[in-house]
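Hello,

Here is the structure for your files. My notes on it follow below.

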Protein chains: 2
Amino acid sequence: MDLLKEMLLKEATVVNSDVLKVDSLLNHGAHPRLTMEMGREFARRFKGEKITKVVTLESSGIPVAFCTAYELDVPLVFARRKKTLPDDEEVYSVRVPSYTRGMMTDLIISRELITPEDSVLIIDDIIANGDAAKGLVRIIELAGACLAGIGIVLEKTFQTGGKWLRELGCRVETLVKIKSLENGQIVFE
Amino acid sequence: MDLLKEMLLKEATVVNSDVLKVDSLLNHGAHPRLTMEMGREFARRFKGEKITKVVTLESSGIPVAFCTAYELDVPLVFARRKKTLPDDEEVYSVRVPSYTRGMMTDLIISRELITPEDSVLIIDDIIANGDAAKGLVRIIELAGACLAGIGIVLEKTFQTGGKWLRELGCRVETLVKIKSLENGQIVFE
């Protein structure tokens, strides 16, 4: 994904040595043709797996997860971050820390939308400590569904999320790996 | 959009005479090929307008807004519902009531992402009282940008949002109009 690296160098801002602000590309918007290329790349990498649904977490994961689901021709489900649904018994709920919000949030998926027959590909935008991805993995376990793999646009390899998920035995594919944000510079692996 | 009407009759649930639950299609997931058809339809309807950006509100508006932006080949911007960005001065912020949440929320768009040169198409999933859409219109005014139009997937015409926006002089295009949810039935116009 050389085009993605180019766009990151052009449009992302290093906030500090832990945080990259990627508003126009991921967190607050999207360049649709680039996002569709990302979705195609995930679909290509996971094409040998049985996948019946793509699952992501609102909001920044939605565009790239949508494109992946479009390419694979399967439904998209996006977990919600807090309860807006009417009945507790209708949802799977997992409490996780939010890296960017500095607080605990509940990830919620309606029981109707993931069944034990599903084989799920998780797609998300950025992995730092991996709390959101771990929460989604836990929800898929609660639903009795199969986890086909995890696709992440940006992995900050100096944080532990990707490593943790791989040690758990998950297949994790990342489009771009960032090994450092020191001194205001994005350094790719 | 006959296919959308068919899918609504198949997958949506009438919660009460005001609220339609459309989890699998809009609020909690998407059927990507249907969503892409919606985006194509909005792009077709607004093709005579100058449009430089598509703007929506997290989260349920993102898939259809993404597809519209993809078809029009312009960037997508999604407003965030609360402050996760670092600095107040960097964002436009408007406080609006949230129909589904029963509380006030702040809609936020980074100043970097909308400029006075922009001509914006707003896309959202459902219009009830129109508070979210009005909030987005207000942000576009604050940014000094031009509003090219508003596209809404589902308009509940027994509520006032669509009427209010049209009276304001906005061009509003809706894919499906619902005139009643009485007695647990979806009645289309």
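Strand β5 (residues 76-79) of chain A and β3(B) run antiparallel and are joined by two bridges; strands count as paired when DSSP finds at least two bridges between them. In this pairing, Ala30(B) in β3(B) is the residue opposite Leu76(A). Helices (H or I, at least four residues) and strands (E, at least two) are DSSP runs, numbered from the N terminus.

This is a predicted model: local features need pLDDT of at least 70, side-chain atom pairs count only at pLDDT 80 or more, and totals for chains, interfaces and linings use all residues. Residues are numbered from 1 along each chain as its sequence is written, while chains are lettered from A and ligands numbered from 1 in the order in which they are written.

The contact between the chains takes 30 residues from chain A and 30 residues from chain B (C-beta atoms, placed from the backbone, within 7 Å). On the chain B side, two or more residues each come from α2 (23-27), β3 (29-30), α3 (32-45), α4 (62-72) and β5 (76-79). The largest share, five residues, belongs to α4(B).

Within chain B, helix α1 (residues 2-11) packs on α3(B) at an angle of about 140°, the axes being 10 Å apart (axes are lines fitted to C-alpha atoms, for helices over the stretch in contact, and angles run from 0 to 180 degrees between N-to-C directions). α1(B) is therefore oblique to α3(B) (under 35 degrees is roughly parallel, over 145 roughly antiparallel, 65 to 115 roughly perpendicular, the rest oblique). Leu3(B), Leu4(B) and Met7(B) of α1(B) meet Leu34(B), Glu37(B) and Met38(B) of α3(B).

Regards

Note on methods:
Contact = placed C-beta atoms within 7 Å.
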